[in-house]
Amino acid sequence: MIVELLQFVLMVVRLRICPGSLKKYMRKDGENWALITGASDGIGKGISHRFAKAGLNLLIISRTESKLEALAKELTEKYKVKVEYLALDVAGNPKALDITWDFITAKVQPGDLRIAMNNVGMNMDVPAPIGQHTDDEIDRVIRVNCGYTTNMVTRFVRSYIPPKTGRYLLINMGSALGRLPTPYLAVYSASKAYINALSTAVSAEYPNLDVKAFTPFYVASPMTLTSRTNNMFISPRHFADLVVRSLNQKTVITNPHWYHALYHIMLSTLPESLRLSVTVKQMKVQQKKIIRKLKRDGRLAPQWEEKKSE
Ligand SMILES: NC(=O)c1ccc[n+]([C@@H]2O[C@H](COP(=O)([O-])OP(=O)(O)OC[C@H]3O[C@@H](n4cnc5c(N)ncnc54)[C@H](OP(=O)(O)O)[C@@H]3O)[C@@H](O)[C@H]2O)c1
């Protein structure tokens with residue numbers, strides 16, 4: 001506990017006094033590109049703005065073409081960078097990986113893709129005990145969060161990191177729930193634990209590659225069904241800024257927001273059985289709220305229609 005609190009203080013001081021930057025991944029000669037999946041909204045959109053502001057050209061991928069087109073236009077005009085986009089449902093298309101890499105290789109030369117951010121991720125539609133999720137829903141979460149992300153990592157390191165061409169950065173979006181096994185979101189939580197393990201292991205494999213897994217609690221986005229911000233629900237732009245500021249931290253798994261980091265320390269000091277039973281109570285409340293919200297928006301899947309929280 002004392003060690004964790006000291007690490008927390010050091011992190012906050014470093015973020016303020018000597019923030020990290022993207023400069024070490026950008027060459028003076030040649031083009032500098034970054035790839036961001038799930039870029040048209042939420043965290044990915046915040047990151048797209050932050051990276052473009054730093055002068056990186058962007059390859060952005062997500063589902064909705066109109067949102068990508070609008071974002072590409074906005075970034076190009078505002079930051080004078082090149083932006084190429086691909087509209088693709090990575091959960092629904094069995095050829096998603098090949099389509100992604102055909103797009104990337106058509107647009108960018110090896111050595112020019114300096115940063116890859118595997119941000120796209122799926123959550124359970126509604127928090128519930130594992131047996132209540134459909135096989136499809138569970139499969140989708142594992143396929144995107146674990147399968148697609150792993151394949152993106154392997155393709156990036158195989159084809160896009162020539163030796164002796166400077167430093168590269170790989171960012172995988174984890175979650176605080178990957179560090180704290182979370183009932184009612186068991187599969188999502190386990191998939192994010194996988195991201196943390198994958199990122200930590202790969203970080204020791206390539207000398208010219210920095211690897212980061214970010215593990216926030218809540219960022220206000222379509223996934224969290226809110227755009228309101230406070231200490232717990234931070235804005236995507238704020239989070240993106242913290243991502244860049246924390247790039248000089250030594251840790252692979254990084255929680256760059258002070259409140260989230262402190263909350264994590266607090267929760268991880270509780271006895272596991274107590275933390276789990278408190279989480280179940282919170283999740284039952286969340287479940288009702290989410291069902292009501294999705295119903296209001298006309299987006300509730302049929303299996304939850306008659307659901308009463310257990
Ligand atoms: N928000 C949080 O509180 C939070 C906390 C911890 C970790 N994370 C992780 O951070 C990442 C981003 O989270 P977020 O909250 O920003 O996510 P989000 O709001 O659900 O998604 C934002 C972006 O992902 C795209 N996307 C979603 N499903 C897709 C699919 N099947 N194929 C292609 N693109 C897809 C969306 O495209 P469209 O706009 O076209 O639909 C949008 O651009 C995820 O990995 C998530 O697990 C989030």
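Student: What does UniProt list for residues 1–20?
Tutor: The UniProt entry, which is unreviewed, lists residues 1–20 as "signal peptide". Keep in mind that we are looking at a predicted model; in it, that span is 80% helix and 0% strand, and its end C-alpha atoms lie 26 Å apart.

Student: What about S1, which faces of it are covered?
Tutor: Both faces are covered, with Trp33, Leu35 and Thr37 buried on one side and Ala34 and Ile36 buried on the other.

Student: Which strands does S1 pair with, then?
Tutor: S1 pairs in the parallel sense with S2 (residues 57–62) over 5 bridges, and with S4 (residues 113–118), also in the parallel sense, over 4 bridges. On the S2 side the bridge partner of Ile36 is Ile60, while Ala34 stands opposite Ile115 in S4.

Student: Is S4 mostly covered or mostly open?
Tutor: S4 is mostly covered, since 6 of its 6 residues are buried. S4 also pairs with S5 (residues 168–173) in the parallel sense over 4 bridges, and there Leu169 of S5 is the bridge partner of Ile115.

Student: You mentioned Ile60. What is it in contact with, beyond its sequence neighbours?
Tutor: Leaving aside neighbours within four places in sequence, Ile60 is in contact with Ile36, Ala39, Ser40, Ser48, Leu68, Leu71, Ala72, Val83 and Tyr85. Ile60 is also among the residues with the most contacts inside the largest nonpolar core, together with Ala34, Leu56 and Leu58.

Student: How many residues does that core have, and which element gives the largest share?
Tutor: The core has 72 residues, and the largest share, 5 residues, comes from helix H5 (residues 135–159).

Student: Changing topic: what surrounds the ligand?
Tutor: There are 27 residues around the ligand, the closest being Gly38, Gly42, Thr64, Gly121 and Met223. By class, this shell has 12 nonpolar, 11 polar and 4 charged residues. H2 and S7 each supply at least two residues of the shell, and the largest share, 3 residues, comes from H2.

Student: H2 and S7 again, so what packs against them?
Tutor: Helix H7 does, as its buried residues pack against helix H2 (42–53) and strand S7 (218–219), and also against strands S6 (209–214) and S8 (233–234). The buried residues of H7 (residues 236–245) are Pro236, Phe239, Ala240, Asp241, Leu242 and Val243.

Student: Last one: where is Glu305, and why does it count as exposed?
Tutor: Glu305 is in the segment after helix H9 (272–296), and it counts as exposed because it has 9 C-beta neighbours inside 10 Å, where the cut-off for exposed is 12 or fewer. The C-alpha atoms of Glu305 and Ile291, which are 14 residues apart along the chain, are separated by 8.0 Å.

Note on methods. Residues numbered from 1 in each chain as written. Predicted model: local features only at pLDDT ≥ 70, side-chain atom pairs only at ≥ 80, totals over all residues. Buried ≥ 20, exposed ≤ 12 C-beta atoms within 10 Å, placed from the backbone. Contact = placed C-beta atoms within 7 Å. Near = placed C-beta within 6 Å. Nonpolar A, V, L, I, M, F, W, Y, C, P; charged D, E, K, R; others polar. Core = buried A, V, L, I, M, F, W, Y, C linked by C-beta atoms within 7 Å. UniProt positions renumbered as here; feature names shortened; annotations may be inferred. Pairing = 2+ DSSP bridges.
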